[in-house]
Amino acid sequence: MNRYDASTMGPLVGRDDLVKQLAAAVDQVVVGRQTVVEISGEPGIGKTRLLAETCRLAAAAGLRVYAGQAWQLEQEVPFAILAEALQAAMARFNDTDPRLFMSEGWPDASPADRARIRTALRALLERDGPTALILDDLHWADSASLDLVEYLLRRPPRSPMLIAVSYRSAAPPRQVASAIVRLGSAAVRISPGPLRAEDLEALFGHESPARRALLLQASTGNPLYLQVLAKLRDEQLAALCRDTPTARDADEVTSQVLATLASDVAALDESSRRVAIAAALVGDSAATSLVAHVADQPVGATLEALERLCAAGMGHLDSAWFSFRHPLMRAAAQSLAEPAWRIGAHARAAAYLRVHRGSLQLIAHHLDRSAQYGDESAAAELIRAGMAMVYRAPGAASRWLGTALRILPADTSGQRADVLLAYARALGLAGQLDQSWTVLQDLLRRDGGPMRAKAAEFGGVVARLQGDLDAATSLLSTELSRGQRPQAAGKLHVELAALAALREDTLDTVRHAEQALRHFREDRLELAAAAETLRAFGALYCGRVQAAQAATEAASRLVDTASDVTLHPHVEFFGPLIWVQTELGRQLAAARHMDRAYRVVDGAGNSSALSYLLLVDAARQTRAGRLGEAIQLAERSVQAADDMGSIEVRSMAEAVSLRPLLFVVGPSRVIATARRLSAAGRPRARMWWRVGQLNLAIAHLAADDLKAAVDLTAEPGWPNHPPSVVLRLVVRAVAMTRLGDPRAASEAVQQAEEIAATMGLDYERGLAALGAAYVAIPTEPDRAAHLAAEAITRLGPTDAPLEAAIGEQLRGVAQFHANRPDEARAAFGRAKAGYRACGAIWLLNQISRAEVRHAARLPRPGRGPVGAGILSGRERQVATLVSEGLTNREIAARLFLSQRTVEAHLSRIFSKLDIRSRAALANRIRT
């Protein structure tokens with residue numbers, strides 16, 4: 001494409017190092033690898049110029065290059081950024097369906113077709129040999145294109161390929177940016193900075209040093225701003241620099257640049273100016289015949305005007321298509337459109353596209369900006385476009401449906417209910433939960449028919465996303481009491497079961513799930529699967545493990561039978577299914593269903609379930625010891641929750657992130673995050689609040705804030721739910737041991753062992769054995785070593801490598817206490833290897849220090865058994881008197897010391913012996 005022909009652009013100055021990185025990326029593809037290049041930066045910093053250089057390097061290396069650019073006005077047009085590149089790719093293979101990747105074919109594509117399109121594109125690129133796919137301005141890309149780019153990043157073609165993308169750093173396309181972050185060193189990430197004084201000397205060597213200095217200061221080193229501001233006189237530059245000479249607001253500079261560019265357009269003759277404004281409103285790449293129709297000028301005169309625009313450096317013609325040279329130039333031309341003329345121009349564009357069978361989404365884009373009240377034809381097209389895009393582009397769908405509702409005549413009340421429900425759904429998926437709730441309340445007041453049940457069902461979802469479980473339960477219960485058809489009643493029972501699970505009402509969860517199952521026949525496998533999943537969840541948290549296993553197997557069979565299309569509206573129930581499978585130790589089944597859930601969401605586009613699925617996956621990966629991946633998934637969940645406007649789901653994701661963060665960065669950040677959540681009263685769902693509280697207790701334990709750990713794990717307020725109670729009791733036992741209360745520690749461990757034995761699950765029995773090993777170390781190191789080995793054996797098959805590594809560390813500590821240093825060091829070595837494999841950086845640092853401390857405490861020949869070789873004579877005296885029950889004041893009097901000196905001795909004793917209380921010290925002295 002001419003747009004990316006580097007030979008037609010200005011010189012590339014000050015970017016030598018970046019060009020070397022691009023050349024190295026191309027070389028990787030030449031030798032048969034997949035490589036990704038990400039270029040991010042502010043507007044005008046040179047992203048497009050670097051992509052053009054990438055195109056040049058790729059073509060010179062023999063790669064087949066396909067390029068596309070996103071534009072602001074085409075965000076609602078599926079595959080707009082890829083349309084031209086993909087058409088060029090398909091033209092090379094006669095057996096490819098010419099409509100396969102066309103935007104016109106996308107709106108009506110089913111989820112299955114959408115998945116087929118992804119797979120077909122991947123296969124097409126594999127046929128093409130070494131390829132470069134260049135995508136510019138992804139911050140304006142449509143959701144379908146972003147989905148496809150993310151898919152290619154996650155599952156690249158098997159043939160060598162370079163994917164190079166650019167976007168504004170202030171508006172990253174989150175799903176693509178996250179996917180690139182996950183690639184790690186496999187991606188080349190470039191952020192071009194401002195040009196320097198020596199770069200301006202190369203560009204403007206003919207100008208005086210004083211003028212170059214003004215240009216640098218006024219432009220802040222931005223290459224595009226330099227090109228525009230170079231037209232200004234010295235006094236104008238100086239005035240611009242005087243406002244804030246060192247750190248001027250970037251928006252102000254952008255406004256100045258836009259004003260300068262707009263003045264260039266305004267200076268054109270009337271015909272050229274009108275054509276420039278029309279082309280800006282139409283969008284890039286604009287068909288010349290469409291521009292002529294919008295400008296209301298003959299095609300010949302329009303072509304002459306476009307040639308004048310090209311001659312002025314404002315854009316370029318590629319066959320019968322015109323593009324502006326930069327988005328800012330297009331924005332400047334668009335800013336000159338008078339409001340009334342703009343409305344007429346959009347109306348003419350919509351009329352032209354109707355006649356020429358243009359994309360429904362493009363027609364809707366123009367109708368949204370021009371349709372008048374009472375225009376039922378326009379309303380019908382907006383409704384059709386909006387309905388097609390509710391899940392794929394809910395932001396656009398909500399705008400189109402909102403406009404349709406405003407222009408529909410008052411006598412269309414029958415149709416209005418359907419549109420209102422779709423409008424509410426689009427608003428909710430677009431993150432406007434409050435507005436969605438308002439629309440639903442209006443619909444519930446107006447409609448008494450079957451639409452009411454659907455509105456109540458989605459209203460329950462919105463209230464749940466807002467964290468208002470009481471409102472959601474009340475709404476659904478009221479609707480259920482009104483009497484419903486079997487399937488409608490079944491759906492309401494499923495939602496009520498989910499709400500009960502979040503409230504930790506396990507009996508209600510099972511009751512509603514069983515009620516739901518009575519209403520579903522074989523034709524609603526997805527709803528039956530949801531009900532079985534929630535029955536399994538409730539049974540597990542009631543302690544009925546066998547019932548949970550049976551219900552989980554039934555749910556799995558139903559899910560495996562159902563199609564992706566039927567599962568999509570209920571994809572959220574994969575979350576509890578995967579959660580229960582993980583708790584039951586069925587990791588392979590959980591992983592398989594996680595992949596299926598992502599595929600279902602990918603196939604249908606936007607889903608409010610994505611954030612929830614991501615946080616469940618984060619918990620699953622934490623259990624599997626993949627801490628880095630767990631943290632990234634939790635961060636993606638937070639981003640998706642923010643996009644959805646759900647503070648509640650965001651807080652759930654943050655609660656899940658606490659544990660992997662603890663093991664990677666330590667307790668400080670975790671405790672700060674947890675305190676913020678607690679202050680906000682989030683999450684409101686008790687189940688997820690409990691997850692956060694337990695993770696916070698573990699963080700306090702790691703920070704040696706033992707009282708806080710004990711308080712958080714106290715019996716009152718904690719339901720006796722087996723999946724969480726075992727870990728809670730183990731945390732409590734460890735804290736009590738450190739506080740020198742062996743009786744309370746033993747009681748907690750005994751409870752944990754009994755509950756774990758009743759459950760019969762290896763993970764919980766392994767956790768209980770870890771707690772018992774810790775409690776036994778001070779007094780029975782041999783038994784502790786045996787218990788740690790038992791824990792490791794039980795945890796091994798459960799895919800819990802981090803807990804197994806903790807078991808190895810406990811076994812090493814026990815061996816040190818039993819004076820078996822060789823066995824201890826071997827166990828510590830295995831623990832370190834486990835921590836390193838899991839990415840548990842903080843734990844790895846802690847165990848290295850612990851090994852040194854324990855080795856230093858080993859008895860030496862000719863010394864006493866306790867503190868020998870590491871406690872000074874005075875410290876041994878103080879320790880002995882503490883074991884005899886003397887207070888600090890009494891010890892100070894006995895040894896003729898100050899009380900502060902005794903306290904200092906005690907602090908050193910505690911540190912050297914790795915104990916935290918006087919009782920623990922007395923216990924050590926006695927043994």
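L18, V19, L22, A23 and V26 of helix α1 meet L50, E53, T54, L57 and A58 of helix α2, where contact means heavy atoms within 4.5 Å. Sorted by class, the residues of this contact come out as eight nonpolar, one polar and one charged; here Ala, Val, Leu, Ile, Met, Phe, Trp, Tyr, Cys and Pro count as nonpolar, Asp, Glu, Lys and Arg as charged, and the others, Gly among them, as polar. The structure is a predicted model, in which local features need pLDDT of at least 70 and side-chain atom pairs count only at pLDDT 80 or more, while totals for chains, interfaces and linings use all residues. Residues are numbered from 1 along each chain as its sequence is written, and side-chain values use heavy atoms, with hydrogens and water left out.

As for geometry, α1 spans residues 16–30 and α2 residues 47–60, and the two pack at an angle of about 40° with axes 10 Å apart. Helices (H or I, at least four residues) and strands (E, at least two) are DSSP runs, numbered from the N terminus. Axes are lines fitted to C-alpha atoms, for helices over the stretch in contact, and angles run from 0 to 180 degrees between N-to-C directions. The pair α1 and α2 is therefore oblique, given that angles under 35 degrees count as roughly parallel, over 145 as roughly antiparallel, 65 to 115 as roughly perpendicular and the rest as oblique. The crossing of α1 past α2 is right-handed; that label applies if the near helix is turned clockwise from the far one by less than a right angle, and left-handed if anticlockwise.

Then there is the pairing of α16 (residues 339–355) with α17 (residues 360–367), at about 155° and with axes 8 Å apart, which means α16 runs roughly antiparallel to α17. This time the crossing is left-handed. On the α16 side the contact takes in H346, A349, A350, L353 and R354, and on the α17 side L362, I363, H365, H366 and L367. The class tally is six nonpolar, three polar and one charged.

Further along, G374 sits in the loop between α17 and α18 (376–388). G374 is partly exposed at 34% relative accessible area (buried is under 20%, exposed over 50%, partly exposed in between; 1.4 Å probe, protein chains only). Beyond neighbours within four places in sequence, G374 touches I407 and P409. Its C-alpha atom lies 9.0 Å from that of R406, 32 residues away along the chain.

On confidence, the chain averages a pLDDT of 85, and 89% of the residues score at least 70; pLDDT is the predictor's confidence in each residue, from 0 to 100.
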